[in-house]
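Please read the notes below with the sequence and the model open beside them. They are meant for a colleague who has not looked at this structure before.

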Amino acid sequence: MLGGTYTHTVDEKGRVVMPAKFKKELGLEFVITAGYDDTLMVMSQAEWEKFLSRFDSAPPSKVRWIKRFFLGSMHEVTTDKQGRMQIPQQLRQKIGVESEVVLVGNGDMIEIWTPERWEASQNMLDSDTIVSCMDEPIL
């Protein structure tokens with residue numbers, strides 16, 4: 001399971017160090033694509049296939065734009081010998097990446113946030129908001 005939050009710099013070529021914990025879970029080759037909430041999503045090939053399979057039984061008219069959004073921005077990537085992943089320029093521009101990113105483990109995927117968006121999202125969270133998002137309070 002992918003978890004944890006890590007802030008890393010992005011070099012001039014768009015490379016970012018991938019935490020060892022994440023590399024182990026993702027495997028040698030993985031996928032990066034546009035994500036929810038102006039983020040990028042990174043997932044293993046197996047998780048990517050599971051993600052796409054959600055749309056298999058839906059009517060084409062309902063998923064056409066969704067598939068274009070995810071598949072149109074999808075890139076297969078690996079890490080280099082220094083453990084860095086290159087974030088394609090198109091995707092860096094899409095979410096406004098400059099010199100830093102926040103990598104957030106979210107179960108079956110990693111989300112890539114700009115630090116500003118991550119901080120804003122965290123400032124919106126409080127226990128009442130979290131509980132209201134759940135079917136039943138856990139406490």
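The points below take up the basis of the model, its salt bridges, a charged patch and a few individual residues.

1. Basis of the note. This is a predicted model, in which local features need pLDDT of at least 70 and side-chain atom pairs count only at pLDDT 80 or more, whereas totals for chains, interfaces and linings use all residues. Residues are numbered from 1 along each chain as its sequence is written, and side-chain values use heavy atoms, with hydrogens and water left out.

2. Salt bridges. The structure holds five salt bridges, a salt bridge being a side-chain nitrogen of Lys or Arg within 4 Å of a carboxyl oxygen of Asp or Glu. Within this set, Asp11, Arg15, Asp80 and Arg84 are linked in a network.

3. Arg84 and its partners. Arg84 pairs with Asp80, with the closest N and O atoms 2.8 Å apart, and also with Asp11, where the closest N and O atoms are 3.9 Å apart. Because Arg84 lies in strand β6 (residues 84–86) and Asp11 in the loop between β1 (2–9) and β2 (15–17), the pair ties together parts that are 73 residues apart in sequence. Strands (E, at least two residues) and helices (H or I, at least four) are DSSP runs, numbered from the N terminus.

4. A pair within a helix. Lys50 forms a salt bridge with Glu47, their closest N and O atoms being 3.2 Å apart. The two residues are three places apart in helix α2 (residues 45–53), and so they are separated by about one helical turn.

5. A negative patch. Glu98, Glu100, Glu116 and Glu119 form a negative surface patch, that is, a group of residues with over 30% relative accessible area and no salt bridge, in which like charges are joined within 9 Å. Glu100 belongs to strand β7 (residues 100–107) and is partly exposed, with a relative accessible area of 34%.

6. Gln86. This residue of strand β6 is partly exposed at 43% relative accessible area. The C-alpha atoms of Gln86 and Arg15 are separated by 4.1 Å, although the two residues are 71 places apart along the chain. Not counting residues up to four places away in sequence, Gln86 touches Lys13, Gly14, Arg15 and Val77, where contact means heavy atoms within 4.5 Å.

7. Thr79. Located in the loop between β5 (75–78) and β6, Thr79 counts as partly exposed at 25% relative accessibility. Apart from neighbours within four places in sequence, its contacts are Met18, Lys23, Leu28, Phe30, Arg84 and Met85. The C-alpha atoms of Thr79 and Phe30, 49 residues apart along the chain, are separated by 9.1 Å.

8. Backbone angles to check. Which residue in the loop between β3 (29–34) and β4 (40–44) is named here? Asp37 is found there, with a positive phi of about 55° although it is not a glycine, and it counts as exposed at 57% relative accessibility. Asp38 lies in the loop between β3 and β4 as well; it too is not a glycine and has a positive phi of about 55°, while its relative accessible area of 44% makes it partly exposed.

Terms used: Patch = residues over 30% accessible without salt bridge, like charges linked within 9 Å, V, L, I, M, F, W, Y side chains within 5 Å. Areas by Shrake-Rupley, 256 points an atom, 1.4 Å probe, with all protein chains shown as cover. Lys, Arg positive; Asp, Glu negative; His and termini not counted. Charge placed at Lys NZ, Arg CZ, Asp CG, Glu CD. Buried < 20%, exposed > 50% of the residue type's maximum accessible area, 1.4 Å probe, protein only.
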